[in-house]
Amino acid sequence: MSAVSNLVPARFLTIIAHLVIVITIFWSRDNNVKACLPLNFSQEEYDREDTRLVVALAVTVGLFAVELSGFFSGVSMFNCSQGLLSLVVHCSASVSLSFYVFQKWECWTYWVVFGLCSVLPAFVEILLFIAVFGMKKKPL
């Protein structure tokens, strides 16, 4: 098997692992929201932080849709650069967000992981969409 054919299933599995941990954070965000707040907090402060986290998680799911649509449409499935980038950042995100859940990290750390591990691969995926469909380049 070539390296590209090994990269495709590994990329898919790391994207799904990242998606699963994001869904898990949706379900168990209470502890992480409380970690963002001082010991004595009001319901208004809690609601504000909870809304921020829900928005970040929802945007993350939207970026997954962008990346998975490019992957399943074949635009980036066999692109080695995008495959390797996606594999590294989604694997890093899965590990980091697992610590985020279990260690009850503060909310700002989610934004760091979001920027590096969700926005970056989705942005490259959009560039590949533009190259393939706008400029009529080959997907590879």
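The protein has five helices and zero strands, so its elements simply read α-α-α-α-α from the N terminus on. Helices here are DSSP runs of H or I with at least four residues, strands are E runs of at least two, and both are numbered from the N terminus. The model is a predicted one, in which local features need pLDDT of at least 70 and side-chain atom pairs count only at pLDDT 80 or more, while totals for chains, interfaces and linings use all residues. Residues are numbered from 1 along each chain as its sequence is written, and side-chain values use heavy atoms, with hydrogens and water left out.

As for overall dimensions, the C-alpha trace spans about 55 × 30 × 20 Å along its principal axes. Of the 140 residues, 38% count as buried, meaning under 20% relative accessible area with a 1.4 Å probe and protein chains only (exposed is over 50%, partly exposed in between).

What about the inside? A nonpolar core is a set of buried Ala, Val, Leu, Ile, Met, Phe, Trp, Tyr and Cys residues joined through side-chain atoms within 4.5 Å. The largest one here has 25 residues, and those with the most contacts inside it are V22, I25, L53, L57, L97, Y100 and Y110. Two or more residues each come from α1 (3-27), α3, α4 (80-102) and α5 (107-134), with α3 giving the most, seven residues.

H90, a residue of helix α4, counts as buried because its relative accessibility is 1%. Its side chain makes polar contacts (a pair of N or O atoms within 3.5 Å; within protein, one must be able to donate a hydrogen and the other to accept it, and residues adjacent in sequence count only if both atoms are side-chain atoms). One goes to the side chain of H18, at 2.7 Å, and another, of 2.8 Å, to the side chain of E67. Beyond four places in sequence, H90 also touches residues including I15, F64, C117 and P121.

Y46 sits in helix α3 (residues 43-73) and counts as buried because its relative accessibility is 15%. Not counting residues up to four places away in sequence, Y46 touches D30, V33, K34, L37 and F41. Y46 and D30 are 16 residues apart in sequence, with 9.2 Å from C-alpha to C-alpha.

Notes:
Contact = heavy atoms within 4.5 Å.
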